[in-house]
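Here is a short report for a reader meeting this structure for the first time.

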Amino acid sequence: MLTRKDIVKTYKEFKQVDYPSIGEDVLQYWKDNQIFEKSIANREGAETFTFFEGPPSANGTPGIHHVMARTLKDIFCRYKTLQGYQVKRKGGWDTHGLPVELQVEKELGITKEDIGKKISVEEYNKKCRETVMRFKNEWDDLTEKIGYWVDLDDPYITFDPKYIESLWSLLKKLYEKGLLYKGYTIQPYSPAAGTGLSSHELNQPGTYKDVKDTSITAQFKLKGEENTYILAWTTTPWTLPSNSALAIGENLDYVKVKTFNPYTHEPCTVILAKARMNAYLNPKAAELKLEDYKAGDKLIPFEVVGEFKGKEMLGWEYEQLFPIPGLTLPNPAFTVVSGDYVTTEDGTGIVHLAKAFGADDFRTLVQNDVPGIFVKDDRGNDLPIVDKQGKFISLVGEYLVEKIAEHGITAHKTYGADDFFVKNYTEDDENASDFKNTDVIISIILKNENKAFKVEKYEHSYPHCWRTDKPVLYYPMDSWFIKTTAYKDRLVELNKTINWKPEATGTGRFGNWLENLVDWNLSRSRFWGTPLPIWRTEDGTEERCIGSIAELEAAIAESIAKGFMEKSPYEGKEIDLHRPYVDDVILVSSKGEKMVRESDLIDVWFDSGAMPYAQWHYPFENEEIFKANYPADYIAEGVDQTRGWFFTLHAIAGMLFDSVAFKNVIANGLVLDKNGNKMSKRLGNAIDPFKTLKEYGPDAVRWYMLSNANPWDNLKFNLDGVTEVQRRFFGTLQNTYNFFALYANLDEFVYDKTKAIPVNKRAELDQWIVSKLQSLITEVEEAMDNYDATKATRAIMSFTVDQLSNWYVRLARKRFWRGDMNEDKQAAYETLYESLLALTQLMSSFAPFYADWLYQNLTASGTDAKASVHLTDWTKAQKDLINTDLEESMELAQTISSLVHSLRKKEKVKVRQPLQRILIPILKEKTKAQIEHLAELIKSEVNIKDIEFIDDASGILVKNVKPNLPVLGKKLGPKMRFVVGAINNWSQKEIAEIEREGKINVAVEGETIELLLEEVLISSQDIPGWSVASDLGVTVALDVTISEELKQEGVARDLVNRIQNLRKDMGLEVQDKINISFDAGNELVNTSVKNFGDYIQSETQAINLNSVANLADGTILDMDDFEISVKVEKA
RNA sequence: GGGCCUGUAGCUCAGGUGGUUAGAGCGCUACACUGAUAAUGUAGAGGUCCGUGGUUCGAGUCCACGCAGGCCCA
């Protein structure tokens, strides 16, 4: 006879599963067999599915959030590959940018100022190049270990000369379209140091200091109205001569108030925000009369004479505050505009705008086409009226000098026209006894001229230059821009065709960003990055944009011929388009003048946004590949990239190719620690991805991340959750496989597709799980086509745990272990096998290692198996195998079984004790048919003999009625509650009437309302005299009478159970036969054995079942109510 | 300060188009089952659906205003 040891094991059996090892083994298998490469090569000639890799920077180590991001990228590429697409995925590295530079500077202990002095640009850039790829190996390692399939051997690298050449060609295209221009932007500027400051420099600790400045609430005289002024407050009075508009909040409330100027005592009408009145008008004066005011009174009376919303003020015109000759402006200057940043927290609720000295000001004025106060230089360029030393230009200075004389202002010295610094006064000045700074002088002038409503010292926080400690000015700085605003409408339109996950990021965060688009500031004053390929003559009259290496080389040759350059900086070495080499190139203008490169680098975001083109060195090479892989079908990055990579991809594609760059995008959220805090190395709550993978294996980590929450929500990463996924999902699936393998090996079952029993010839239960499986495939496919991985993983999990394991296998168990191979048994094996196999494919995108491992365990002996589940073709759902009616029936069966279990529990009758019958009230014929269909299954599951139905005809049904609210609500509206009350009070009589007549009249509030049968819901939840339970509209009553015969059968089942336990204790194998002897002293057992002996023998595989008087050496079995001695021997 | 996201049981999350008593898993408690057994079933405890107003016969769901946390931008 065959024992377990002798059996050839077709399907490997596992006592324990080591998930991390599966990860490692499968990874090695993939490498050895080039599975990734084959998964692409296999699809040669097929339709392409394009994925773009957003390049990470390898100058830091990867974190657990990169596992999230990379998993999300991976799954859809794998899924689409199965679906038959060819999915090329080129890896990439982002190598330029400020973080790299700062890291290098920190390591070298230098600052930006030292570059070119203590260290050459050449050496500095060399250091950056080394640093930026420092952790590439860690990144590659993680990428492999989490199973992110991407081409790491041939990635694009943004510092590569070919990559930069592509960028240059794109920039030249923009330039030729007139979309690249030199302008200015308002940036923090240190007049003391003579340099602009980056926002990073401004965020250094200690740069913001509390300082006391003179603040002025100025009066802007409204045109066309007597003595009426708009009040606006500023802490930088020196910007007032540059005022060219006032901003209000459209929805704020404003008032017009009659009062008197506190300095000149002249009557006036002022306009300010209603919420700011108390700050300017003393509430104590509210009762005073305007007529009673005498010049010099402390309390100044006032009277509100008008109230309106801010939007009513739009377009109002006022007189220029400082009508300096030469600084006049045409309409719409000096008008009221809208500013979304205006609040009533301080000031007057009206903000003074000076185009040159505030970023908000600048933006608002540009959007409203309002000019700013500037003077022209020799070449006709705009210059602000404060120069780069932080001093008013003499035109303004002369005006102020005149005013000082006119108003008889005395100060520590006699001011000349070039003495009016606005922030950085000299030490000598500041220490003088009667020192009056420019702000003070301006305020005196305004006070005297009836143009200041309030002047006071104001303490606030103001940024200072971290090097000179002097206050910073916001100042227009030269910059190169891409004119994205010219394409705003098109970009907005194109965005509407993109499928954003979540949708709100596309319409909200990204959509709003596009709606409020400003020109893209490309300039960066740094060293390590893509140089701007624009050369200019000294006077700026001629410009040239270089678009390729060939063009550059030709231009260099020309320059050498002209004698501007001695030799090419690339002579004898490889071409490198970085600084400093490119700075050494001097070009020749059309007039034969020298042209030097504009010194700026470009924003690194242009680097990454250009990757669709530059990764293929387009347009210089690979035109075919580029065209087949553009635009991307899918991209994914963190939501923080919305205004970064997502935007730059979109902008370049829209402006140069009139196309979207990507059709579908997932913007994923952050990975937080389990308490919802940001992970940081400093706080020690960061999860080490390598350690996590080592401990849990890649599949459970991936699955957890995808199934726990939608990727676009923040994930609170909790290792307990990974454990749970491992236990609940992978554990259950593995158990199911083990169960299959155990019995399949015993029965030497080998799956053969060609000989499989047709589904319609299989058992009802088989047909059911097959149907469920087809539904699952449909569901997963729909979810994945909609880029919803969470839905897909949850559906797979629910099928595996609830349907396949806890229902199908549990109910079908006996078919696997009972008797020899027959058609029914074969069908069970085939059904379970097919389900497992289908699962390996369904889950392979999410859990690529485990799925492949399981696939190979299942198909090891198969003939048509692929080398990997990742090389298979997607198995479409067979719609004809979906049997909705059967699925509904099974749901009923599951509900009924659960109800019977619950009743048994209530009545304290264990499942091993058979019971005679259950009663089910039936109101619909269909329900009855559906239950009858699966009657056998229900009966065996809950161990009862019969299912009986009672219908109306029985006359004993007690019915319940409920209003059908959605239907009634529409019909009745406010009368609902009376009708509902009436229905809830109905007796059987009314229910019978509406069922019989199809309608009934209800009297409510003196009115008669006719109700139709379909407006109420009738159910049956009670059978008089029975113990009943109901759920989901099904009611079950259980007959708990235990007859003599049922009792005997119960004993027989108990005996089987005890003997099975004995077998197990003895260590017998499943197929071992036994002999049983039992003590003849118990009459109940004797009759039970007499009537159910065959059953006991077949269940326990007993050859003999002998009654023995006074069995001496037996085991005493506890049968709950009595004990009996039994002896089991291996036959 | 602005835009956007999130807030439902101790924890993690579901809850088309409003509908009477808000669900699942984990965890906890009790019981049962025992040839998948480090598995499984049943039951129980556990909720101000972030708050306040509003719309409605009826709001976890719609609207407004707040609060808390987060991201991005000033």
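The model shown is predicted. Start with E225. Its relative accessibility is 31%, so E225 counts as partly exposed. Its partner in a salt bridge is K256, and the closest N and O atoms of the two lie 3.1 Å apart. K256 sits in strand β8 (residues 253-260). E225 sits in the loop between β5 (208-221) and β6 (228-234). The pair therefore ties together parts that are 31 residues apart in sequence. K256 has a relative accessible area of 18% and is buried, because the limit for buried is under 20%.

How many salt bridges does the structure hold? The count is 61. Side chains of opposite charge can pair when their charged atoms come close.

One of these bridges joins R129 and D576, with 3.2 Å from N to O. This pair links distant parts of the chain, 447 residues apart. R129 belongs to helix α5 (residues 121-132). D576 lies in the loop between α16 (549-562) and β22 (587-588). R129 is partly exposed, at a relative accessible area of 30%. D576 is buried, at 16%.

Another bridge joins D1054 and R912, whose closest N and O atoms are 2.5 Å apart. These two also link distant parts of the chain, 142 residues apart. D1054 is in helix α34 (residues 1044-1066). R912 is in the loop between α28 and β29 (915-921). Is D1054 buried or exposed? D1054 is buried, with a relative accessible area of 7%. R912 is partly exposed, with 27%.

| K256 and E225 | 3.1 Å | 31 residues |

Now turn to helix α1 (residues 19-33) and helix α21 (residues 689-696). They pack at an angle of about 105 degrees, and their axes are 5 Å apart. The angle makes α1 roughly perpendicular to α21. Which residues make the contact? From α1 come Y19, P20 and E24. From α21 come L693, K694, E695 and Y696. By class, four of the contact residues are nonpolar and three are charged, with no polar ones.

**An enclosed helix**

Helix α30 covers residues 935-942. Six of its eight residues are buried, so α30 is largely enclosed by the rest of the structure. The buried ones are A935, L937, I938, K939, E941 and V942. What covers them? The cover includes the helices α24 (764-785), α25 (789-817), α28 (884-907) and α29 (925-933). Strand β30 (944-950) is also part of the cover. After α30 comes N943, which has a positive phi, near 60 degrees.

**One histidine**

H460 is found in strand β15 (residues 452-463). Its relative accessibility is 14%, so H460 counts as buried. Leaving out residues up to four places away in sequence, H460 touches K209, D210, V211, D213 and T235. How many residues separate H460 and Q803 in sequence? The answer is 343. In space, H460 and Q803 are 66 Å apart, C-alpha to C-alpha.

Methods
Residues numbered from 1 in each chain as written. Chains lettered and ligands numbered in written order. Predicted model: local features only at pLDDT ≥ 70, side-chain atom pairs only at ≥ 80, totals over all residues. Heavy atoms only, no water. Axes fitted to C-alpha atoms, helices over the stretch in contact; angles between N-to-C directions. Helix = DSSP H or I, 4+ residues; strand = E, 2+ residues; numbered from the N terminus. Parallel < 35°, antiparallel > 145°, perpendicular 65-115°, else oblique. Contact = heavy atoms within 4.5 Å. Nonpolar A, V, L, I, M, F, W, Y, C, P; charged D, E, K, R; others polar. Buried < 20%, exposed > 50% of the residue type's maximum accessible area, 1.4 Å probe, protein only. Salt bridge = Lys/Arg side-chain N within 4 Å of Asp/Glu carboxyl O.
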